[in-house]
Amino acid sequence: MMLIPCPWCGPRDESEFHYGGQAGVAYPAEPDALSDSEWAKYLFFRENPKGPFRERWSHSAGCRRWFSLVRDTVTNEVLR
Amino acid sequence: MAGGLVDHPDRLWRNPEPAAAYDVIVVGGGGHGLATAYYLAKNHGITNVAVLEKGWLAGGNMARNTTIIRSNYLWDESAGIYEHSLKLWEGLEQELDYPILFSQRGVLNLAHSLQDVRDSVRRVHANRLNGIDAEWLDPAQVREICPIINISPDVRYPVHGATYQPRAGIAKHDHVAWAYARAADALGVDLIQDCEVTGLQISGGRVTGVHTTRGTIGAGRVALSAAGHTSVVARMAGIDLPLQSHPLQALVSELLEPVHPTVVMSNAVHVYVSQAHKGELVMGAGIDTWNGYGQRGAFHIIERQMAAALELFPFFARAHVLRTWGGIVDVTPDASPIVGLSEVDGLFLNCGWGTGGFKATPGVGWCYAHTVAHGEPHPLNAPFSLERFVTGALVDEHGAAAVAH
């Protein structure tokens with residue numbers, strides 16, 4: 001079980017959190033202008049690095065707020 | 001010992017040095033890679049083939065899965081490739097001349113709600129239309145097949161019935177890998193262990209070789225079969241894939257007398273359980289939610305799957321956990337695999353099997369070898385192209401596949 005640093009509540013057990021996947025995936029600025037393959041990229045493609053990964057977490061059993069952190073996907077060390 | 005040391009048994013395959021180049025390089029020496037190499041040689045006469053494995057043969061997910069084999073998937077596309085695979089399983093011991101302990105003890109997929117019942121009956125009909133054996137059983141019939149399931153109506157999620165596929169079962173995963181490895185080796189395939197691919201050589205949009213920890217090796221075609229690490233390898237060719245790698249955990253109990261005659265899967269309570277030939281109860285459930293490459297997951301996931309198992313099998317309460325472990329599974333958005341061509345000429349993709357790759361081993365080996373040999377997909381893997389994420393022709397097995405992911 002990971003200990004995840006909630007920016008508001010401090011370190012808490014992983015089981016209090018909900019995972020949100022890659023951070024910083026913005027809704028397309030001009031949705032009408034997107035091709036099918038650009039839509040596919042936005043809907044289905046996410047980074048899947050072996051190593052540091054910037055990702056979203058929600059402290060769903062605590063303050064219920066979303067935040068981002070960088071975690072190493074091999075060691076599970078929270079880097080920032 | 002009076003006679004001195006016992007001779008080491010004969011090796012099942014050579015352990016060759018890599019050659020300068022091959023017609024086909026398969027990246028990943030797991031079940032899929034080994035089966036692909038075997039069928040390339042057997043079905044297509046392509047024997048100048050190397051399988052490159054960064055660790056030891058079949059030490060990844062092939063050594064970590066729960067060995068369940070079934071073909072009772074909802075959608076026609078899935079039924080096609082998994083049933084092809086099951087038919088190959090049924091003749092595999094003879095084909096490879098090696099004991100793989102394939103045991104067709106059947107699988108029960110339990111229904112715990114009215115919606116489960118409707119979905120399950122629908123799946124039974126879909127399976128039958130595809131020529132796959134499937135039955136709907138009421139709770140009393142479930143207990144006839146598997147007397148240790150608690151079918152009491154008083155539990156939180158009572159068993160309302162189950163689908164049953166009698167031809168489903170389990171096999172001994174290591175033996176399957178060894179059987180394919182030995183047979184591929186005998187046909188001339190080089191199995192090269194301790195050889196990690198560190199880069200892909202691409203020239204004019206065509207793959208020409210691979211860089212490895214044991215030097216650069218030329219290749220006419222390169223077939224990726226790297227499961228949870230596919231994103232990492234594909235990235236070396238500049239290819240992005242709709243994959244997320246997650247830990248998937250499983251566990252075994254201490255050895256018990258034979259108590260569990262079949263395979264039981266429950267989506268709602270969420271555990272799947274069989275009993276290995278040796279006697280351990282083998283259990284698995286869902287992935288850890290976060291992306292991870294560490295081949296381990298969190299213990300609360302294990303606790304949850306054991307709680308689920310106890311709900312269904314109260315008498316497991318006195319069985320001890322012997323060991324738990326994790327593998328890395330690559331999951332696609334529609335929970336179906338990607339098997340086919342890539343944007344780089346001569347570079348082929350086999351990935352995204354998520355939690356269901358073991359059962360597909362013979363089937364995907366057969367179809368992927370065809371794809372690599374002909375440069376175009378076999379009809380059974382044509383629906384599983386990468387393009388489906390652009391066209392929208394998804395094969396949505398989330399939930400439909402009789403197991404949650």
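Author: Contact here means heavy atoms within 4.5 Å. The model is a predicted one. On that definition, the contact between the chains takes 23 residues from chain A and 26 residues from chain B. The two chains bury about 1,900 Å² between them, and 57% of this area lies on carbon and sulfur atoms. Zero salt bridges are counted between chain A and chain B. Polar contacts do join chain A and chain B: 11 residue pairs are counted, with both residues at pLDDT 80 or more.

On the side of chain A that touches chain B, the elements giving two or more residues are α1 (36-44) and β4 (52-58) of chain A. The largest share, five residues, comes from α1(A). Sorted by class, this side of chain A has 10 nonpolar, six polar and seven charged residues.

The axes of α2 (residues 76-90) of chain B and α9 (residues 361-374) of chain B come within 7 Å and cross at roughly 110°. Angles of 65 to 115 degrees count as roughly perpendicular, and α2(B) and α9(B) are therefore roughly perpendicular to each other. From α2(B), the residues making the contact are B:I81, B:H84, B:S85, B:L88 and B:W89. They meet B:T361, B:P362, B:G363, B:W366 and B:C367 of α9(B). By class, this contact of α2(B) with α9(B) has six nonpolar and four polar residues, and no charged residues.

Key: Residues are numbered from 1 along each chain as its sequence is written. Chains are lettered from A and ligands numbered from 1 in the order in which they are written. This is a predicted model: local features need pLDDT of at least 70, side-chain atom pairs count only at pLDDT 80 or more; totals for chains, interfaces and linings use all residues. Side-chain values use heavy atoms; hydrogens and water are left out. Buried area is the accessible area (1.4 Å probe) that two parts lose on being put together, summed over both. A salt bridge is a side-chain nitrogen of Lys or Arg within 4 Å of a carboxyl oxygen of Asp or Glu. A polar contact is a pair of N or O atoms within 3.5 Å; within protein, one must be able to donate a hydrogen and the other to accept it, and residues adjacent in sequence count only if both atoms are side-chain atoms. Helices (H or I, at least four residues) and strands (E, at least two) are DSSP runs, numbered from the N terminus. Ala, Val, Leu, Ile, Met, Phe, Trp, Tyr, Cys and Pro count as nonpolar, Asp, Glu, Lys and Arg as charged, and the others, Gly among them, as polar. Axes are lines fitted to C-alpha atoms, for helices over the stretch in contact, and angles run from 0 to 180 degrees between N-to-C directions. Angles under 35 degrees count as roughly parallel, over 145 as roughly antiparallel, 65 to 115 as roughly perpendicular and the rest as oblique.
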